[in-house]
Structure formats: structure tokens, C-alpha cells
Amino acid sequence: MKHYGPEEIPLWGFILIGMILITQSSVLFLKAKKRGKVPWLWGIVGLIQFPVPSIVFFILTKTAWRKNL
């Protein structure tokens, strides 16, 4: 398996990665704002990597942040 460095990734690859991260960040921001759970923090965390912040947010919304506890 060949590993690629940043100098070998084409321009469209960087654009695709940027679009994925911005989309994830925006969705996390809007969902956190709807729930009142520090939306700016989730927006920033969503820009760092993919898909771990989305998975963590999903787990928290299904377990720790439930209103019927």
C-alpha cells in the first residue's frame, strides 16, 4: 500500500477535504445551537478532523444529553 504525502495530493483533494470539514462543522454548529450546547465549540471541533466529532456528538445526544433522564 502506497502512502501519499501532502505534496502528492491533487488540488481537488484538498478542496474536497475542506468541503467535508466545513460541512461537518456547520452541521455540528447548527445542531448544538438547537440543543443549547456551546455551538461555537462544536463548530471549531468539527473543523479539526472527520468523522470523530460527529460520532461523539451523536453519542452524547443519544445518551448524556437526553431530556428524559
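Residues are classed as buried under 20% relative accessible area, as exposed over 50%, and as partly exposed in between. In the predicted model described here, Lys31 has a relative accessibility of 48% and therefore counts as partly exposed. Lys31 is located in helix 1 and belongs to a positive surface patch, which it forms together with Lys34, Arg35, Lys37, Lys62 and Arg66. The greatest contribution to this patch comes from helix 1, spanning residues 11-35, which supplies three residues.

The secondary structure of the protein chain consists of three helices and zero strands, and the order of elements from the N terminus is α-α-α. The radius of gyration of the protein chain is 15 Å, whereas a compact globule of 69 residues would have a value near 11 Å. Along the principal axes, the C-alpha atoms of the protein chain fill a box of roughly 50 × 25 × 15 Å. Of the 69 residues in the protein chain, 22% are buried.

Pro39 and Ser26 are 13 residues apart along the chain, and their C-alpha atoms are separated by 9.6 Å.

Terms used
Residues are numbered from 1 along each chain as its sequence is written. This is a predicted model: local features need pLDDT of at least 70, side-chain atom pairs count only at pLDDT 80 or more; totals for chains, interfaces and linings use all residues. Side-chain values use heavy atoms; hydrogens and water are left out. Patches are made of residues with over 30% relative accessible area and no salt bridge: like charges are joined within 9 Å, nonpolar side chains (Val, Leu, Ile, Met, Phe, Trp, Tyr) within 5 Å. Accessible areas come from the Shrake-Rupley method with a 1.4 Å probe; for residues, only the protein chains shown count as cover. A salt bridge is a side-chain nitrogen of Lys or Arg within 4 Å of a carboxyl oxygen of Asp or Glu. Lys and Arg count as positive and Asp and Glu as negative; His and the chain ends are not counted. The place of a charge is taken as NZ of Lys, CZ of Arg, CG of Asp or CD of Glu. Helices (H or I, at least four residues) and strands (E, at least two) are DSSP runs, numbered from the N terminus. Buried means under 20% relative accessible area, exposed over 50%, partly exposed in between (1.4 Å probe, protein chains only). The radius of gyration is taken over C-alpha atoms; the globule rule is 2.2 Å times the number of residues to the power 0.38.
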